[in-house]
Amino acid sequence: MTDESYIKLAIEIAKKGSGKVSPNPLVGCIVIKNDRILGAGFHEKFGGKHAEVNAIEKAGSNIEGATIYSNLEPCSHFGKTPPCVDLIISSKIKKVVIGTLDMNPQISGKGVKKLKAAGIEVKVGVLENECIGLNKFFFKYITKKLPYVTLKAAQTIDGKIADKAGESSWISSVPSRKYVHSLRARYDAVLVGAGTVEKDDPKLTVRLTEGRNPKRIILDSDLDLNLNHKIFTRNSDKNLIVITSRKSIGKKRRINKLNSLGVTLLFVKEERDDRINLKSALRELQKIGIASVLVEGGSQVFTSFIKENLFDDMIIFISPKILGCGIPIVGNLGIKQLQKSLKIKINNVEKIGDDVLVELHK
């Protein structure tokens, strides 16, 4: 097998940690000697052993002179666990092949430098784009101090996400909704506006597929949502976050009630029109370890994220239905000329159930 084949395998192994290691990166590692796999491992959970440690432990005692393949540069610093580089050196590994360097400016390149100083051959940049894509959440979280933001919506073929009365159940097909639940399991959090909670009474959990529930985030600038909605009454896991404006700090009775329901409150500055400042909200989410956010609505929220250029990509399910009148996926962006329209790239198009899935990147 080639270096590319082994890194590709490391990537697939790394994916097993999806939804369990954030805000740490997804990492897979393989130990090879005489064209035979001695051991393989991945970063299984946040705070747990790193992929290199798991792979080396599984490889056993006959590891001297072996080659290690990892999609990400091994760490060289003490965090929740000791440096992986030290274990690689003490195991007398001969060569290390790395998909991409760690983008953390405090770490990047230091692991490679330490390995080379110990006389170990190092190769970097094998399937680099694929390895960067695998950890796009982590890389933005660590370099920009912001979570990765994906806008997700289901719309009719004429661009409506609900009818005139706000009814949206169900625009998309069952297979599309299953896909959305699998998406939720991969993201740290799902975010909606207060209007979506009022109209749809969503649970925002993973039910139609296997996977862990994400944190649930509501934007409620006035802190006046009815607390009888499912998202409040079914918060036994205490994973609900309400982001509100600083002017709501004085609503002590409401704050105490939300605290008793296990809700985490984040107070952020507001815009002149009293809307929540989204960039401030995202920064606060990053501070509490949220590396990725799936924004699920509604139209005003989508419009604000797009208008303020605070999204990374979009996932749109297009249903073969026509409404004519209804709520559009995006409202007024202030763009008056076609030449000034926002241009985004189509990454992938596929059919799911009766719908067409379009994945777009900014």
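**A chat about rings, charges and buried residues**

Tutor: Let's start with a charge and a ring: the charged end of Lys362 sits over the ring of Phe311, 5.2 Å from its centre. Keep in mind that this is a predicted model.

Student: Good to know. Which other residue lies over the face of a ring, and how far is it from the ring centre?

Tutor: Arg177 does that with Trp170, at 4.2 Å from the centre of the ring.

Student: What about rings with rings? How many aromatic pairs are there?

Tutor: There are five aromatic pairs in the structure. One of them is Tyr6 with Tyr69, a tilted pair with 4.8 Å from centre to centre and 35° between the planes.

Student: Where do Tyr6 and Tyr69 lie in the chain?

Tutor: Tyr6 belongs to helix α1 (residues 3–14) and Tyr69 to strand β3 (residues 67–72), so this pair links distant parts of the chain, 63 residues apart.

Student: And are those two buried or exposed?

Tutor: Tyr6 and Tyr69 are both buried.

Student: Why does the pair of Phe137 and Tyr148 count as tilted?

Tutor: Because the planes of the two rings meet at 50°, with the ring centres 5.2 Å apart. Phe137 is in helix α6 (residues 136–143) and Tyr148 is in strand β6 (residues 148–156), so the pair ties together parts 11 residues apart in sequence. Tyr148 is buried, with a relative accessible area of 4%. Ring pairs also bring in Tyr187, which forms a cluster with Phe137 and Tyr148.

Student: You mentioned α12. How many of its residues are buried?

Tutor: Seven of the nine residues of helix α12 (residues 299–307) are buried, leaving the helix mostly covered. Among them are Val301, Phe302 and Phe305. Asn309 follows α12 and has a positive phi, near 55°.

Student: How many salt bridges does a search of the whole structure find?

Tutor: It finds 15 salt bridges. Glu12 and Lys15 form one of them, at 3.0 Å from N to O. Glu12 is partly exposed at 44% relative accessibility, and Lys15 is partly exposed at 41%.

Student: New topic: where does Asp355 lie?

Tutor: Asp355 is in strand β16 (residues 355–361). Asp355 is buried yet has no salt bridge.

Student: Which side chain joins Asp355 in a polar contact, then?

Tutor: The side chain of Ser176 does, at 2.5 Å. The backbone nitrogen of Ser173 also lies 2.8 Å from a polar atom of the Asp355 side chain. Beyond its sequence neighbours up to four places away, Asp355 touches several residues, including Ile318, Pro320 and Glu350.

Notes
Residues numbered from 1 in each chain as written. Predicted model: local features only at pLDDT ≥ 70, side-chain atom pairs only at ≥ 80, totals over all residues. Heavy atoms only, no water. Helix = DSSP H or I, 4+ residues; strand = E, 2+ residues; numbered from the N terminus. Buried < 20%, exposed > 50% of the residue type's maximum accessible area, 1.4 Å probe, protein only. Lys, Arg positive; Asp, Glu negative; His and termini not counted. Salt bridge = Lys/Arg side-chain N within 4 Å of Asp/Glu carboxyl O. Polar contact = N/O pair within 3.5 Å; in protein donor to acceptor, adjacent residues only side chain to side chain. Contact = heavy atoms within 4.5 Å. Phe/Tyr/Trp six-rings, centres within 6.5 Å; stacked < 30°, edge-to-face > 60°. Lys NZ or Arg CZ within 6 Å of the ring centre and 35° of its normal.
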